[in-house]
Number of protein chains: 2
Amino acid sequence: MKIGELSRATGANIETIRYYERIGLLPAPARTAANYRSYGPAHRSRLSFVRHSRELGFTIEEIRSLLDLSDDPARDCGEADRIATAHLGQVEAKIAQLVLLRDELARIVGRCRGGIAADCRVIEALGDHSRCESQH
Amino acid sequence: MKIGELSRATGANIETIRYYERIGLLPAPARTAANYRSYGPAHRSRLSFVRHSRELGFTIEEIRSLLDLSDDPARDCGEADRIATAHLGQVEAKIAQLVLLRDELARIVGRCRGGIAADCRVIEALGDHSRCESQH
DNA sequence: CTTGACCCTGTAGTTGCTACAGGGTGCATA
DNA sequence: TATGCACCCTGTAGCAACTACAGGGTCAAG
Ligand SMILES: [Zn+2]
Ligand SMILES: [Zn+2]
Ligand SMILES: [Zn+2]
Ligand SMILES: [Zn+2]
């Protein structure tokens, strides 16, 4: 299959597929006589793995480690679990931080009563963290 | 005050301060005889505004609009309110998305029972979105 | 008189793509 | 046969918001 078909099959953008090849995340495929990339089912499933992992927020380097692991099926899967658990922890930390942020923003936004910029509580609050009720 | 003092006073990195000047977010300050940047209280409060807004997740372009507004105190503050409200909406959307992600990751991580990579449910789940219970 | 802490400019790197520019290929239609 | 169009190629530059040098200048203390 050509790159356009692979793109439609996996939802990955064509430029992104070439990018993954360039950084060594996907192996360089065979070429046709016209120098077009020619992919098989193994490329397709590897790319699906990459895209799905990206959608779940894993970084390219984490995905590289996960792929190394699945390329060597005899290895212990502890590292995969460790990477996924660490990532889950990061997502939870990010959520906690965004919740603080949201609450602070909601307080700030709620203070505007309209009028001129000189009297605006939103602008005032943005200039002075000591009015905040949380850390961020 | 010199750039190092301003940096300590606001928590902004020195390189970041020069970067803000370069992109026109902070005005170019006066220079000493030795060509050192020399800042006053107005610079300091403007930079505090910028850093605080960045900590609250506003983009540079949003901050530019907010600064324009506070530079012109007679203007109506409706736009500041609009920017902050829109940003609050984005934070809420991001939280909702991360919560879905977290739940999916927790499901995936919980499936690993140890063993070899070939049998790992984590690696399997990463390769196949149809095993997911939510969109992302 | 030299050491160390500062400051300067300009450029390149980071992450994960995305968007061209400027070309080649392959097939259907007028 | 021409020609239009969709598709493919390489290589480079751009995005956000910084951060990290390299290679220099300035200044006060010991
Ligand atoms: Zn207001
Ligand atoms: Zn604050
Ligand atoms: Zn496992
Ligand atoms: Zn999924």
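This is a predicted model: local features need pLDDT of at least 70, side-chain atom pairs count only at pLDDT 80 or more; totals for chains, interfaces and linings use all residues.
User: How are helix 1 and helix 2 of chain A oriented to each other?
Analyst: The axes of helix 1 (residues 3-10) and helix 2 (residues 14-22) of chain A, with helices taken as DSSP runs of H or I of at least four residues, come within 9 Å and cross at roughly 105 degrees. Axes are lines fitted to C-alpha atoms over the stretch in contact, with angles from 0 to 180 degrees between N-to-C directions. Because angles of 65 to 115 degrees count as such, helix 1 of chain A is to helix 2 of chain A roughly perpendicular.

User: What area is buried between chain A and chain B?
Analyst: Buried area is the accessible area (1.4 Å probe) that two parts lose on being put together, summed over both. Carbon and sulfur atoms give 78% of the area between chain A and chain B, which is about 4100 Å².

User: How many salt bridges does the rule find across the interface of chain A and chain B?
Analyst: A salt bridge requires a side-chain nitrogen of Lys or Arg within 4 Å of a carboxyl oxygen of Asp or Glu. Across this interface, the number found by the rule is zero.

User: Which helix of chain A gives the most to the side that touches chain B?
Analyst: Helix 3 (41-55), helix 4 (60-70), helix 5 (78-110) and helix 6 (121-126) of chain A each supply at least two residues of that side. The one that gives the most, with 19 residues, is helix 5.

Terms used. Residues are numbered from 1 along each chain as its sequence is written. Chains are lettered from A and ligands numbered from 1 in the order in which they are written. Side-chain values use heavy atoms; hydrogens and water are left out. Angles under 35 degrees count as roughly parallel, over 145 as roughly antiparallel, 65 to 115 as roughly perpendicular and the rest as oblique.
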